[in-house]
Amino acid sequence: MAELFTPATAWSGRDDGPGPQHARWHSVIDTSNAGRWRDAVALLGFASDEGVARNGGRPGAAAGPEALRAALGGLAVHHPWPLVDAGTVTTQGEDLEGAQAEVSARVRELAVGGNLVVVLGGGHETSFATHRGVVEALGPLQVINFDAHFDLRQADRPTSGTPFRQIAELVGDDFDYSVFGISEPNNTPVLFDAARDLGVRTVLDVELAELSPRECARAAASAVAGSAPIHLSIDLDVLPAAVAPGVSAPAGFGVAAEKLRAMVTAVAATGRVALVDVVELNPQYDVDNRTAKVAARLIHDIVDAHVRAVAAG
């Protein structure tokens with residue numbers, strides 16, 4: 001049986017020469033697994049699709065972290081913040097709960113160091129594990145999720161459809177959850193009822209379709225107004241299937257990429273994001289790495305917006 005945790009492997013990408021003027025993710029990211037990094041952008045992979053399988057989705061998201069690293073590798077870096085890769089946690093067999101505990105522990109350690117933690121999923125079961133780790137390190141978080149689904153299901157065991165219900169049970173009265181991009185046809189009335197009962201701020205995909213990117217950004221920023229740290233989650237199935245075919249559950253309508261980018265960078269520009277997770281990339285069904293590339297661009301732009309906000313004080 002493979003190890004539950006593996007250190008980061010070598011990154012690769014275009015090489016235009018030495019020095020910061022030619023910096024790309026692959027040339028500057030620290031893969032030494034030295035630990036105890038501080039004030040960095042820290043990536044962690046979660047190679048898991050057990051939650052997707054339990055939820056009746058199509059498997060393949062376990063290959064997401066490596067596809068995201070490959071897509072990020074060649075992107076140019078325009079800021080001085082350290083980039084580090086903390087390795088990958090892998091779900092072994094059906095032991096999702098054990099892998100989630102390992103993710104929580106590693107995320108907690110990274111968050112204690114003041115790092116911006118970016119977790120590369122994996123199915124959306126990722127989000128409960130990552131959230132628990134940051135809560136243990138920093139206390140209550142605001143959650144904003146960009147997703148076609150609420151992921152508030154009740155089930156006998158964790159799945160990719162239960163993470164935000166689990167978070168609600170974990171934090172109780174501190175549950176602060178907004179979700180943008182909900183597809184009404186893909187969520188049953190019982191899920192809308194659950195969202196209402198839990199006080200979830202809900203914005204439908206069709207509502208976002210009526211707004212400009214700037215208006216979308218304002219709405220997302222308003223949803224995270226306050227002073228608490230933020231958990232920013234992106235389920236790639238929020239994008240139209242033509243933009244993101246390589247996901248566990250492709251969207252029949254979706255949210256335009258330019259609007260999603262405007263919203264996630266507006267949230268990052270608060271300077272309060274402590275945790276990002278990007279989930280449901282399924283490389284087996286991707287076309288020309290289209291989904292991986294748009295996901296990498298979103299991660300890159302979130303990091304840039306966060307770095308600028310922190311630098312500005």
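Buried residues are those under 20% relative accessible area, exposed ones over 50%, and partly exposed ones in between, with a 1.4 Å probe and protein chains only. By this criterion Asp235 is buried, at 2% relative accessibility. The model is predicted: local features need pLDDT of at least 70, side-chain atom pairs count only at pLDDT 80 or more, and totals for chains, interfaces and linings use all residues. Residues are numbered from 1 along each chain as its sequence is written, and side-chain values use heavy atoms, without hydrogens and water.

Asp235 lies in strand β8 (residues 230-235). Strands (E, at least two residues) and helices (H or I, at least four) are DSSP runs numbered from the N terminus. Contacts are heavy atoms within 4.5 Å. Leaving aside residues up to four places away in sequence, Asp235 touches His124, Asn145, Phe146, Asp147, Asp151, Val279 and Glu280. The side chains of Asp235 and His124 make a polar contact (3.2 Å). Such a contact is a pair of N or O atoms within 3.5 Å; within protein, one must be able to donate a hydrogen and the other to accept it, and residues adjacent in sequence count only if both atoms are side-chain atoms.

The UniProt annotation "binding site", from an unreviewed entry, covers His124, Asp147, His149, Asp235 and Asp237. These residues span 114 residues in sequence, yet no two of their C-alpha atoms are more than 10.6 Å apart, so they gather at one spot. Such annotations may be inferred rather than shown by experiment.

His149 sits in the loop between β5 (142-146) and α6 (163-171). His149 is also buried, at 19% relative accessible area.
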